[in-house]
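Subject: Structure for you to look at

Hello,

Here is the structure I said I would pass on. Please have it open while you read the notes below.

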Amino acid sequence: MDSPDADETPPDRRTAGFKDRTRIDAARRRVLDAATPHERIERLSLVPADGRALAEAVTSQRAVPDYQRAAMDGWAVRAEDTFGASDRSPGILRVADDEPSSVPETSVGPERAVRVHTGSELPDGANAVVMIEHVERVGDDLEVFDAVTDGENVAPVGEDVAEGQRLFDPGHRLRPSDLGLLKSVGIDRVQVYERPTVGVIPTGEELVQSDPAPGEVIETNGLTVSRLVERWGGVPTYRNVVTDDESALRAAIQRDLTKDIVVTTGGSSVGARDLLPEVVDDLGEVLVHGVALKPGHPVALGVVEETPVVMLPGYPVAAIVNAVQFLRPLVKHIGHLPDDPPPTTTARLDRKIPSEPGVRTFARVKLDEGDTSDDGERGDDGGGQEDGEQDSLPTATPTRASGSGVLSSVALADGWVAVPEDREGYDAGERVAVEHWEWSA
C-alpha cells in the first residue's frame, strides 16, 4: 500500500480495511525485488540431483558414441565394393565373419563383408552397412542388391553428443532425461543449488490438529502449504500452531529467520486478532497489505532481516491462491529455479463467472473433457478455435462462484480460471484457459 503523505495521519488499518489494494503483479514484483537468491551449493550424484537447479555449466566429457557404430542390422562393407549393385545385377562379396558381434573381431578388406547388428562397432576398414533385407547369403558369398554410399547406415562419432559440447547452463532444472544424458557422457556428479528452506507457521487460537470441539477448526493450511513448498522445490519446516498472541508470533517469526522464507497462515487481515502485519512491521517492514485478488485479498508481504515473510489469509482457498501467486515465485527465485507457468486446458464455460473490475478473480472449475481430439488437449493456449468447433472443447463448470473457506471447492476442482483485472467476468459459452496449478512443479 502507498505510504500516506508526511503531513497526514496514517490511517488505522483496523478501521480503514482494504480501500486501496495493490495489483497482484505489482505486489509480486515488490516482494521478489526484496528477496535475494541464495548461493549455497552442494555436489550430488545424479539421482538426488533430479529436479535441482544446476550451479555450474556442464559440458560433455566424451563423445556419444565415441566410436563409429552400425545404425542397422546388416553387413559392414566398403561402400565402393557395392557400387553398381542392383536387383538385376547383385554385387558379390565374400563373408569374412559368420556371426554378428558387438566388437569388431574381423577387419573388412576389399570385397569382404562382416555381419553387424544395430549399435555394434564398425569393423576396421568398413565405411558403410548394407541392410540385412538387401542381401542374400549364398554359402560363403553375399549377394548385395542395393549399393550404399560412404557413411550410409553408420552412426558417426559424436552423432548424439560431441566431446566438449556445452550441455546445460547454470540455473537449468534437471529432468530425468537430462540425468540419462549426463550419465551417457561420463558425468556422475553435478554441482546444484541447495533447495530453499521455508518455515511454515500456522497461526490461530482456534486451530487444533484433531477432534475439534465447538468453535475449533482442524489445521489444514500449514499442511497444504508445506506440501506445496516441497513440490515447488523447497524444504519446508511445518511448525506447531502459534496462538494469536503478539509475543508468541514475534518469537515464532524470529525463530525461522534462519530460513530463506517465512510463511504464516491466518491473522493477516484487519480484525482484532489479526496481529501478524503489525508484528512483521515492528520487526522489519510490511511491503504490501491487501492485494486486488479474490479470494484472499487480505494477504500481506513483508521482509524481516532480509528474509521475506508471506502472511497468507486463514481461509483455506485464499491461502492456496495466495501461496501459488506469491510463495511459489519466491521459492523459485531464491532457489534459482525456473518459474514456469502452469499447464492449461482451453475450455468453454457452461455458466457465467462474475468478477469485480480491477480485481483478478480465481474461479475454481471442474472439467468435462468430452471430445478433446483437437484444440481441447491440455497445453493448448486458447487460440485458433472457431465457433463451429465448439463441441471439441471440454466444458468448464465453476465449482463455487465465491467462498474462500470452502476447501473442497479447490480439492475437488480440476483447476481455476484467472479472470484478469480488466474484465467484469466471463460469460457462459466463452473460451477460457483453465490453469492446472496443482500439476505444476
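The axes of helix α2 (residues 24-33) and helix α8 (residues 316-334) come within 10 Å of each other and cross at roughly 35 degrees. Axes here are lines fitted to C-alpha atoms, for helices over the stretch in contact, and angles run from 0 to 180 degrees between N-to-C directions. Helices (H or I, at least four residues) and strands (E, at least two) are DSSP runs, numbered from the N terminus. The crossing of α2 and α8 is right-handed; a crossing is right-handed if the near helix is turned clockwise from the far one by less than a right angle, and left-handed if anticlockwise.

Which residues of α2 and α8 make the contact? On α2 they are I24, A27, R28, V31 and L32, and on α8 they are Q325, F326, P329, L330 and H333. Contact means heavy atoms within 4.5 Å. By class, this contact of α2 with α8 has seven nonpolar residues, two polar and one charged. Nonpolar covers Ala, Val, Leu, Ile, Met, Phe, Trp, Tyr, Cys and Pro; charged covers Asp, Glu, Lys and Arg; the others, Gly among them, are polar.

**What you are looking at**

This is a predicted model, in which local features need pLDDT of at least 70 and side-chain atom pairs count only at pLDDT 80 or more, while totals for chains, interfaces and linings use all residues. Residues are numbered from 1 along each chain as its sequence is written, and side-chain values use heavy atoms, with hydrogens and water left out.

The secondary structure of the protein chain comes to nine helices and 26 strands. Of its 441 residues, 45% are buried. Buried means under 20% relative accessible area, exposed over 50%, and partly exposed in between (1.4 Å probe, protein chains only). Among contacts in the protein chain with a separation of 6 or more, 75% are between residues 24 or more positions apart.

T59 gives an example of a residue with partners elsewhere in the sequence. T59 is in strand β2 and is partly exposed, at 37% relative accessibility. Leaving out residues up to four places away in sequence, T59 touches G164, Q165, R166, L167 and I187. T59 and I187 are 128 residues apart along the chain, and their C-alpha atoms are separated by 9.2 Å.

**A helix with a buried face**

In helix α7 (residues 276-283), the residues L276, P277, V279, V280 and L283 are buried. Seen down the axis of α7, these buried residues fall within an arc of 160 degrees, so they line one face of the helix. The arc is that of the directions from the helix axis to the C-beta atoms. What do the buried residues of α7 pack against? They pack against α6 (246-255), β17 (261-265), β18 (285-289), β20 (300-304) and β21 (307-312).

**Aromatic rings**

Rings of Phe, Tyr and Trp (its six-membered ring) pair if their centres lie within 6.5 Å; planes under 30 degrees apart count as stacked, over 60 as edge-to-face and the rest as tilted. By this rule there are two aromatic pairs.

F362 and W416 form an edge-to-face pair, 5.4 Å centre to centre with 65 degrees between the planes. This pair links distant parts of the chain: F362 is in strand β23 (residues 360-368) and W416 is in strand β25 (residues 415-419), 54 residues apart. F362 is buried at 2% relative accessible area, and W416 is buried at 0%.

The rings of W416 and W437 have centres 4.9 Å apart and planes at 15 degrees, so this pair is stacked. W437 lies in the segment after β26 (431-435) and W416 in β25, so the pair ties together parts that are 21 residues apart in sequence. W437 is buried as well, at 7% relative accessibility. F362, W416 and W437 form one aromatic cluster.

**Backbone details**

Most residues other than glycine have a negative phi, and most peptide bonds are trans. Cis peptide bonds join V64 to P65, with omega about -5 degrees, and K294 to P295, also with omega about -5 degrees. P65 is in the loop between β2 (58-59) and β3 (69-70), and P295 is in the loop between β19 (293-294) and β20.

Phi is positive in E111, near 55 degrees, and in D211, near 50 degrees. E111 is in the loop between β5 (91-97) and β6 (112-116). D211 is in the loop between β14 (207-208) and β15 (217-218) and is exposed, at 69% relative accessible area.

Regards
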